[in-house]
Amino acid sequence: MAEKIQHIKKQEPSEEEQRARDLREIEDALIDNKEVILKSLSTLQHADDRGVISLLHGLFADGDKVLQVLAETMNNEENTKAIRHLLLLMGIAGKLDVEKIEPLLLKFNEGLRRAGEAGDTEEKTGYMDLVKSLKDPEVNRAITLLLTFLKGMGQETEQDMKTGGESPD
Amino acid sequence: MADKMAVKINGKEVTVDENVSALNVLTDDEQQVPSVCYHPSLGAIETCDTCIVEKNGELVRACSSGVSRGDEFNTVSKDVKDAQKIAIDRILYNHELYCTVCDYNNGNCEIHNAVKEMKIEHQSVPFEPKPYDKDRNSFYRYDPDQCILCGRCVEACQDVQVTETLTIDWEREQPRVIWDNDVPIEESSCVSCGHCSTVCPCNAMMETGMEGEAGYMTGMNEDTLRPLIDITKGVETGYSSILAVSDMEASMRDSRIDKTKTVCTYCGVGCSFDVWTKGRDILKIEPQQEAPANGISTCVKGKFGWDFVNSEERLTKPLIREGQMFREAEWTEALELIKQKFTDIKEEHGADALSFISSSKCTNEESYLMQKLARGVIGTNNIDNCSRYCQSPATMGLFRTVGYGGDSGSITDIEQSELIITVGSNTSESHPVLSTRVKSSHKLHGQKLIVSDLRKHEMAQRSDLFIRPESGTDLIWLSAVTKYIVDQGWAAESFLEQNVNGVEHYKETLAPYTMEYASEMTGVSQEDLIRTAEMIHEAGSVCILWAMGVTQHQGGSDTSTAISNLLLITGNYGRPGTGAYPLRGHNNVQGASDFGSMPDRFPGYQFVSNDEVRSRFEEAWQADIPKEKGLNNHEMVEAIHEGKLKSMYLKGEDMGIVDSNINYVHGAFEKLDFFVVQDLFLTTTAQFADVVLPASPSLEKDGTFTNTERRIQRLYQALEPLGDSRPDWKIIMDIANQLDAGWKYDHPSEIMAEAASLTPLFAGVTYEKLEGYKSLQWPVHADGTDEPMLFAERFPFEDGRARLYPVEWTEPVQYEEEYDLQVNNGRLLEHFHEGNMTYQSEGITRGTPRAFVEVSPQLAKERSLSDGTVVRLISPYGAVKLPCLVTERVQKKEVYIPLNDDGDGAVNRLTSSYADKDTDTPAYKEVRVKMEVLEEGGTSPLPKINHRFGNPQPQVGVQVEKKWQRSDYTFPGDVVKGEDR
């Protein structure tokens, strides 16, 4: 004869039993991860020495508020522009073809060196001197290079631009 | 194979299939054509214009353009790119890109992906918020500011789900999606099937479970989120960098969100989908196009009804009865107790004093193990499952006539059939996703629909012909229609000659079923009966769908047989779009019986009494198995009352609520010497147990379910079992091994392999063949081929021929005159069975808090009833107390009680122990009661937010023409060409 019953006596371990079980679990975890825990502790010590811990504490304790202030601060035109420029510059840096620039830079360096050596001079260069100079192979190479560069610079590049057009907001 | 033809794509000659869209041809050729509004399951919607390409020099939408021989396509010209850019600009005007802090940023946002693929850096028209607030119900929310007006949700709601709630109002200045005639979501006809959030290409329609949960940074306050969105947009140097960051964040999400394929645990349609989990949290259900039964479709239960899995009421430890309470115990103690009691009872009273009941909620493997435990370890055939309560009569009717007890074909056959007849099936509430295929074909493709039912439910409202025969008289009108067809010379004579036995004799037995007699007995006019016969005759293909309105009668098997007879006479078997579809009610009703939890059959319907079969199992299991068939559920209850049956082990079935005449069943439970119940919750049944074992639901285990199409599908474990609960197969194995059975299954695949090796019906079934969304429809032959459509070659009898099986009408149970109301009972869309799973969903319970009794306006007037009047209904077997709901779904002196109550309103307090004469399925539908009014003037049992009070707005699709007619719309192709001029 088994009547309908609804009451369940939950298996609730006593407070001490539960505490002992929890401690055991923590102990196991500590032993299993001894190395990394010791290292972390010393890292934390260093961080605390420099006041990082209290800083982080403040940050996390009021996480949402801090994030909001941070977000609002960042969210002004100057800051967003700055980040935007940084991103653009990074983009350009990524596009530079270092292999092609290297010889140019070397040449540029050499030019600078000689100019430096010559120092400020009273010597003047006349029109004829200029024409004559074109026969000097070193000068001729430099001028050809400059002209080619100018040609490239004049080419239409609007299609690759990221800063132009309507701003996307 | 489709015919092939040559076209040119970007100057290159390509051979393509005929009858496919330009978009398909181009994407097959790996051309990058964006297509934001296009969804393969919805077809061309034509709202987004992003798929514009050049076809023979004209700019056209690729999604809606056909392909002819010799067409030349260009997908790369400047005009094409310009037109696509205009289209995406218009989308971005409607949708703010804040991907990294968007819950939809999971790698599958179609706007994000289109912007990335098109290498869009900036938009020409800036985003502008719309003047509308977000709207939500318990399950999903709509954000007009993110909505790109692609219309996918509307297409899905109108033409796939066919609830017809959503439209886009193209006429207002700022178009938006609206519900019904522009009411809040909660006040609309929305049934929360989830189609809209499933197909939405972005975060406009989103499951509430995702909100603030999916992303790393999406859970923050709106106050913080807004400046962050502004920063993101302020710093961005173009979309590619913002998208790169959000892509990174999306990949990080992969590490903490698991996407696991599972099969729905509710009805027998067998929807499969991915479940997204984060820890134990269920974020959302994500249907997949490749899901064989449902594709992108779900109902509210499958899409949103999973709260029960993490319910605090779940059992997490075995319970042992101790005096007036249950005590939580460890598994070792519970298993030891079970071993001791089983052994004692077997020694004292013999193996047949023990009984076992499998569950249609459990997997095939678990059904197999349960009967193996009963037969192979204990040594009794007293094993059954709950299909005894619903579908055994249908199986019987099919065994008699066509030889296989399952649906003749697939859901696709139902979809393509020319005429659907439903008999005693509330399809749109009981098998919601399957019903959408009928509703959709009926709405869009000229399918005809005849509904025979007591109630004017949704399917009846949609039907071409609705007949309302007296309860329990279906056999009569079915036979009369069959006779009329024969008399008119419309029988499929050549089909009958080639395929069917007993034709002439059967025709003779139809003699009594004249139109006059049928009309008199059923109350259906002769005109309607003749019309039914004519529609069957005129249709090139017919499917008959039936359910509990047929089977839960004393003549349930006979009526099922009459249905099959009608299909045979008209040649509606063995062809696409034809056949018999007894719609299975639970996720694994089919599989529970398929895998042998039946008192007279081994897996694959092999008879226990067959010596060859039995010795095969005896050899494999190393056990002696009794030859005599065991007791079915119904007989078990009787045997307990008679004192012959002493012990029962029952899993996953609240028999104390769902069996008929439950007062009698409860009496039996009380008499058991030892009762073990295995369930998720302390159900009414479990409350009678001596030991309750905590089981794991479908999401916490591996296995297979077989749906109504005979389709075997795998479910994968998505979550760890909660607490100390265990998957049923492990518990059964634990018990068996406690009894020294020595079973060693590490995974359900091994159980399936064993079952397949012993069962010709499943000979070729392996887990590899069922991987992911792959499935098999039995019979599965040794070479791995299956049979989505049965009877194409032959019927599974020795001579390969079907049989016409004469049947006679059985009069329903007769009651004294004072019991003047006919009680009909069944499901509601949003709850399942007694509701121990669905009431755990806060959202479902908000909309539908409790069971009630539907009364007709006539009866309400006669008895002064109104919504909320509390009445007592009294049958000779018991009484229920329920609030009234007045509705035209029922008529005259018929009332309807949803079966989802396990308390004072449990309908089986009223039902009798009368049963189908052939299968012992309770005659749940043969109940009459008298009514007492208890309290007048209460509040309606259905709150105003229930979808039944909504006003659907039927239309076909999203009606994009109205968008095109707007004065501010110009086709991007025209804009581009205009510029050229």
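Me: Which strands does helix 2 of chain B lie across?

Reply: Helix 2 (residues 78-93) lies across strand 3, strand 4 and strand 5 (72-74) of chain B, at about 155° to strand 3. Angles run from 0 to 180 degrees between N-to-C directions, with axes as lines fitted to C-alpha atoms, for helices over the stretch in contact. Contact requires C-beta atoms, placed from the backbone, within 7 Å. Helices (H or I, at least four residues) and strands (E, at least two) are DSSP runs numbered from the N terminus.

The model is predicted: local features need pLDDT of at least 70, side-chain atom pairs count only at pLDDT 80 or more, and totals for chains, interfaces and linings use all residues. Residues are numbered from 1 along each chain as its sequence is written, while chains are lettered from A and ligands numbered from 1 in the order in which they are written.

Me: How do you know that strand 3 and strand 4 of chain B pair?

Reply: Pairing takes at least two DSSP bridges between two strands. Strand 3 (residues 52-55) and strand 4 of chain B have 4 bridges, in the antiparallel sense, so they pair by that definition.

Me: Why is one side of strand 2 and of strand 4 of chain B without a neighbour in the sheet?

Reply: The open, mixed sheet of 5 strands in chain B has the order 2-1-5-3-4. Strand 2 (12-17) and strand 4 (58-61) stand at its edges with a single partner strand each, so one side of each stays without a neighbour.

Me: What makes the radius of gyration of chain B agree with a compact globule?

Reply: The globule rule is 2.2 Å times the number of residues to the power 0.38, and the radius is taken over C-alpha atoms. For 981 residues a compact globule would have near 30 Å; chain B has 29 Å, so the two agree.

Conventions
Two residues are in contact if their C-beta atoms, placed from the backbone, lie within 7 Å.
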